[in-house]
Amino acid sequence: MTYVVGLTGGIGSGKSTIAELFAELGVPVIDADLVARQVVEKGSPLLAEIAAHFGPEILLEDGALNRAALREKIFANETQKHWLNQLLHPAIRHEMLRQLAAQQAPYCIFMVPLLIENNLTALCQRVLVVDVSEQTQMTRASKRDNNQLALIKNIMQSQVSRSERLQHADDVINNDVDLSESLPQLKQKVLDLHHLYLQLAEKFNEQ
Ligand code: ATP
């Protein structure tokens, strides 16, 4: 069984950046956001169920999900939002478990923005937190998302605090450092963790 390292961090903390460094070492990365999109991809039974419930207007012309239209349907409508979540959450969880179980590598990185908020730490043997100051989060996320600072602040409010996230961490990567100067240090840190995880994975599979 593959050893699962949950990788989390707040918006704009650098999860994708760090996941990429693990991927460069040949470690498989399972991206929870991607899984959430895969379960409702064009032609999927779940998307058909959603379209049957909300009407074909939640589909784009090519049959893919029109996310904006669906968001509008559930916006300010708790009943519909609940209906959708009841359908999606178990399906996403099931697909995550399926993808984790299919891994052949000694360990994998399971990248989940809301790992702690959604209690997905239960699916992990270890938790790696990418940690940055709130100021860095705002600077980097707003630079990436065209300065939508109010939206970014809202998202940060909906996520666990930096200190609570750190309480769940087995390992922490501090990503406040600027990549232009510190890529070699970050790569070294990832390499050290890689060796640790290979050891832990071996012990885990001996049990
Ligand atoms: P989200 O959950 O919001 O999608 P994330 O945690 O996956 O974000 P990234 O997409 O990796 O974060 O990083 C956010 C932005 O900050 C990106 O534009 C990325 O290039 C930049 N970035 C990440 N780490 C650093 C760093 N150490 N120095 C400079 N820029 C960085």
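Let me start with a crossing: helix H6 passes helix H7 in a right-handed crossing. Right-handed here means that the near helix is turned clockwise from the far one by less than a right angle, and left-handed that it is turned anticlockwise. Helices (H or I, at least four residues) and strands (E, at least two) are DSSP runs, numbered from the N terminus.

Before I go on, the provenance. This is a predicted model, in which local features need pLDDT of at least 70 and side-chain atom pairs count only at pLDDT 80 or more, while totals for chains, interfaces and linings use all residues. Residues are numbered from 1 along each chain as its sequence is written, and side-chain values use heavy atoms, with hydrogens and water left out.

Back to the pair. H6 covers residues 134-144 and H7 covers residues 149-158; they pack at an angle of about 135 degrees, and their axes are 10 Å apart. The axes are lines fitted to C-alpha atoms, for helices over the stretch in contact, and the angles run from 0 to 180 degrees between N-to-C directions. H6 and H7 are therefore oblique to each other. On this scale, angles under 35 degrees are roughly parallel, over 145 roughly antiparallel, 65 to 115 roughly perpendicular, and the rest oblique.

Which residues of H6 and H7 make the contact? From H6 they are Glu-134, Gln-137, Met-138, Ala-141 and Ser-142, and from H7 they are Leu-149, Ile-152, Lys-153 and Met-156. Contact means heavy atoms within 4.5 Å. Sorted by class, the contact of H6 with H7 has five nonpolar, two polar and two charged residues. The nonpolar class is Ala, Val, Leu, Ile, Met, Phe, Trp, Tyr, Cys and Pro; the charged class is Asp, Glu, Lys and Arg; the others, Gly among them, are polar. As background, an α-helix has 3.6 residues a turn, so residues three or four places apart point the same way.

Two other residues of H7 are on my list. Leu-151 is found in helix H7 and is partly exposed, with a relative accessible area of 43%. The cut-offs are under 20% relative accessible area for buried, over 50% for exposed, and in between for partly exposed, with a 1.4 Å probe and protein chains only. The C-alpha atoms of Leu-151 and Gln-207 are separated by 46 Å, at 56 residues apart along the chain. Ile-155, also found in helix H7, counts as partly exposed at 29% relative accessibility. Ile-155 and Lys-81 are 18 Å apart in space, C-alpha to C-alpha, and 74 residues apart in sequence.

On the H1 side the contact has Thr-17, Ile-18, Leu-21, Phe-22 and Glu-24; on the H9 side it has Leu-179, Leu-183, Leu-186, Lys-187, Val-190, Leu-193, His-194 and Tyr-197. The residues of this contact of H1 with H9 divide into nine nonpolar, two polar and two charged.

Next, helix H5. At 1.5 Å a residue, its 24 residues (78-101) should span 34 Å, and its end C-alpha atoms are 34 Å apart, which agrees. The expected span is 1.5 Å times one less than the number of residues. Which residues of H5 are buried? They are Leu-84, Leu-87, Leu-88, Ile-92, Glu-95, Met-96, Gln-99 and Leu-100. Their cover includes strands E1 (3-8), E2 (29-31) and E3 (107-111), together with helices H2 (32-38), H3 (45-54) and H4 (67-74).

Gln-103 sits in the loop between H5 and E3. Gln-103 is partly exposed, at a relative accessible area of 21%. Not counting residues up to four places away in sequence, Gln-103 touches Thr-2, Pro-28, Ile-30 and Cys-108.

Now backbone angles. Most residues other than glycine have a negative phi. Ala-76, in the loop between H4 and H5, has a positive phi near 60 degrees. Ala-76 is exposed, with a relative accessible area of 72%. Asn-119 has a positive phi of about 55 degrees; this residue is in the loop between E3 and strand E4 (126-131), and is exposed at 55%.

Last, is Asp-131 buried or exposed? At 8% relative accessibility, Asp-131 counts as buried. Asp-131 lies in strand E4. Leaving aside neighbours within four places in sequence, Asp-131 is in contact with Arg-162, Leu-166, Val-172, Ile-173, Asn-174, Asn-175 and Asp-176.
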